[in-house]
Amino acid sequence: MILRMSTMFLRTLRDDPVDAEVPSHRLLVRAGYIRRASPGGYTWLPLGLRTLNRVATIVREEMDAIGAQEVHFPAMLPREPYETTGRWTDYGPNLFRLQDRRGVDYLLGPTHEEMFTLLVKDLYSSYKDLPLWLYQIQTKFRDEARPRAGLLRGREFLMKDSYSFDIDQDGLQRSYDAHRAAYLRTFDRLGLPYAVVSAMSGAMGGSASEEFLFPCESGEDTFVSCTKCDYAANTEAVRVGEPAKIDFASFAAAVVHDTPATPTIATLVDLFNSRADLKRGDRVWTAADTLKNVVVNLRHPDGRIEPLAVGVPGDRDVDLKRLEAQVAPAEIVDFTEEDFAKNKNLVKGYIGPTALGEKNASGIRYLLDRSIAIGSAWITGANAPGRHVAGLVYGRDFSCDGVVDAADVRDGDPCPKCSAKLHIRRGIEIGHVFQLGRKYAEALGLTVLDQNGKTQVVTMGSYGIGVSRAVAAIAEANHDELGLKWPTAVSPADVHIVIAGKPGDETAGAGEKLAEELSAKNMTVILDDRKGVSPGVRFKDAELIGTPRIIIAGRGVATGVVEVRDRRAGTASEIALADAADYVAKMPAT
RNA sequence: CGGGCUGUGGCGCAGCUUGGUUAGCGUGCUUGUCUGGGGGACAAGAGGUCGUGGGUUCAAAUCCCGCCAGCCCGACCA
């Protein structure tokens with residue numbers, strides 16, 4: 001197939017679009033792959049659509065290869081199934097909702113667990129039919145509060161979602177493993193580097209869940225990987241080990257001190273180190289000796305607001321994403337000045353554990369970070385303006401209503417598995433495999449009869465790949481200052497022919513002939529046959545568009561050679577015109 | 001959700017402080033001539049509800065208010 005630049009619907013931009021910050025967004029717009037159509041919505045131009053389709057094809061091939069079967073649902077879905085599973089409410093403002101002319105509610109599907117579950121319920125009723133793996137490649141809608149970074153976080157995007165249906169947990173594990181393996185092959189073929197990280201969430205119990213993250217500075221997820229063992233996890237999912245108990249039998253009783261004007265951890269530590277009666281003999285006090293207590297509000301899906309206090313070591317911040325993952329589906333919202341005003345037992349800046357907890361004065365549920373050991377002694381708020389208490393011992397002087405993983409995770413923290421140092425990085429989520437269990441099957445009544453004629457609730461898994469996001473991630477991973485440089489497997493064309501000679505000379509004929517030969521070998525060729533465009537522009541556009549091979553039909557044609565460039569390796573060789581098509585066809589994929 | 005910055009031909013920008021002829025520059029686009037291996041040269045053109053709605057004024061791109069959109073930062077501080 002020959003794509004002629006003279007007629008292709010394409011306009012490359014000389015300047016970077018100013019509103020595009022991340023490289024993939026900037027280059028995909030500049031090279032004429034996509035155009036913004038609405039906040040978080042993008043139009044795919046011919047080049048972009050070719051790449052999108054190639055990514056989708058690879059995903060499809062790998063799904064088909066493990067025996068999954070493709071179906072296709074509507075994007076516009078009825079309310080009722082989502083009402084049944086509670087997600088009409090749980091998804092909150094992230095769900096696009098609409099009504100028909102009679103006022104009946106619909107939604108634009110953010111993901112399709114309910115519909116797949118009902119489809120299988122509709123048609124299957126025996127264990128003999130299982131396992132069953134179904135998938136679709138479908139446009140998804142999520143009303144993101146802040147779409148950004150082009151395709152990386154849109155409100156409308158293309159996703160492959162698949163679902164497995166098994167009679168029991170063993171079957172689910174096999175389905176999960178098969179999908180996980182297919183994902184590894186898929187991302188390898190797409191030329192995307194990835195880290196597979198544990199995304200197991202406390203609130204979800206033992207359900208296994210792993211994310212495939214493309215490591216990248218502009219990513220929105222933060223994950224850790226161990227420098228020594230194979231442990232890797234989303235920071236939200238990091239579970240630190242239980243600390244050893246400390247014997248506090250010999251500890252002195254807690255003492256309340258006047259600590260005027262110490263509303264922050266830094267001022268508090270400075271005061272303790274500068275006052276003769278407070279400083280320690282053996283070492284200076286640090287922020288890690290203090291216990292800070294943060295109060296937030298939880299907004300439950302039904303709209304109920306519940307205050308929650310969390311205690312973490314003073315040298316750490318509360319990681320709201322981590323905390324939110326554990327209180328899901330509740331969301332965390334600010335604890336405001338008005339809330340402080342309403343609860344007289346909370347003294348802002350001087351909140352201490354003795355006022356917190358369901359049994360204490362404030363009545364606010366109080367959770368302690370898991371890293372805090374029983375028997376550890378702390379400097380912390382004394383619940384009175386300008387007063388702190390020192391030597392307050394957990395397990396002797398105060399208690400809590402539960403433990404939580406809330407403190408931020410840092411580079412160099414010990415690995416929960418082997419205690420070596422953790423390395424922290426950012427990444428873009430490009431895939432997610434998840435053992436759903438029976439939640440949806442139970443809610444929607446998907447059961448089959450087992451070999452004993454007994455009714456069994458089906459066990460499900462769900463597996464997603466962000467197809468349009470993968471295009472952006474591949475662009476992030478494959479570009480330089482000149483433009484894109486696609487892996488062979490997803491490039492919009494296999495080769496780009498630049499005609500660099502004078503108009504009317506033999507270079508145009510040579511380019512045409514080469515294009516025909518390559519096309520006959522089943523390759524897709526971009527042929528720059530534009531009239532009156534200078535060689536410089538042709539070179540720049542070829543590099544910007546970024547096919548892995550570029551052929552220059554220029555001054556060499558007179559002596560029977562063309563230049564063949566490897567855009568990814570940055571190398572070039574002179575090849576005889578007559579051999580060029582064979583040579584390019586045999587170049588290894590990169 | 002909060003804060004900051006921004007919105008002027010396709011793209012990148014100036015003009016706004018201090019309101020006042022026909023809103024300007026680069027690039028891109030059209031036409032012509034030249035050029036032809038790194039976004040080439042010269043010339044002549046087309047293209048604008050100055051994001052949007054309201055207000056102030058004799059007069060608004062410019063001042064004021066609302067809204068919409070974009071980018072960045074933040075979201076808890078014991």
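These are my notebook entries on a predicted model.

**Ground rules.** Local features need pLDDT of at least 70 and side-chain atom pairs count only at pLDDT 80 or more, while totals for chains, interfaces and linings use all residues. Residues are numbered from 1 along each chain as its sequence is written, chains are lettered from A and ligands numbered from 1 in written order, and side-chain values use heavy atoms, without hydrogens and water.

**Entry: helix H1.** I looked up H1, residues 23-30. Helices here are DSSP runs of H or I with at least four residues, strands are E runs of at least two, and both are numbered from the N terminus. In H1, 6 of the 8 residues are buried. Buried means under 20% relative accessible area, exposed over 50%, and partly exposed in between, with a 1.4 Å probe and protein chains only. I listed the buried ones: Ser24, His25, Leu27, Leu28, Val29 and Arg30. They pack against several elements, including strand S2 (34-38), helix H11 (467-477) and helix H13 (535-545). Gly32 follows H1 with a positive phi, near 80 degrees.

**Entry: the open sheet.** I traced 6 strands in the order S1-S29-S28-S30-S31-S32, with mixed pairing. Strands pair if DSSP finds at least two bridges between them. S1 (2-4) and S32 (571-576) are the edge strands; each has a single partner, so one side of each lacks a neighbour in the sheet. I then checked S28 (495-499) and S29 (525-528), which pair in the parallel sense over 4 bridges. Val498 stands opposite Asp528 in S29.

**Entry: the core.** Which residues touch the most other members of the largest nonpolar core? Of its 57 residues, they are Tyr33, Val55 and Trp486. Such a core is a set of buried Ala, Val, Leu, Ile, Met, Phe, Trp, Tyr and Cys residues joined through side-chain atoms within 4.5 Å. For Trp486 I set aside neighbours within four places in sequence; its contacts (heavy atoms within 4.5 Å) include Leu28, Tyr33, Ile474 and Pro548.

**Entry: aromatic pairs.** I counted 10 aromatic pairs. Rings of Phe, Tyr and Trp (its six-membered ring) pair if their centres lie within 6.5 Å; planes under 30 degrees apart are stacked, over 60 edge-to-face, the rest tilted. Phe187 and Phe212 have ring centres 5.4 Å apart and planes at 40 degrees, so this pair is tilted. Phe187 lies in helix H6 (169-190) and Phe212 in strand S11 (209-215), so the pair ties together parts 25 residues apart in sequence. Phe187 is buried at 0% relative accessibility. Phe212 is also buried, at 0%. Ring pairs link Tyr183, Phe187, Tyr194 and Phe212 into a cluster.
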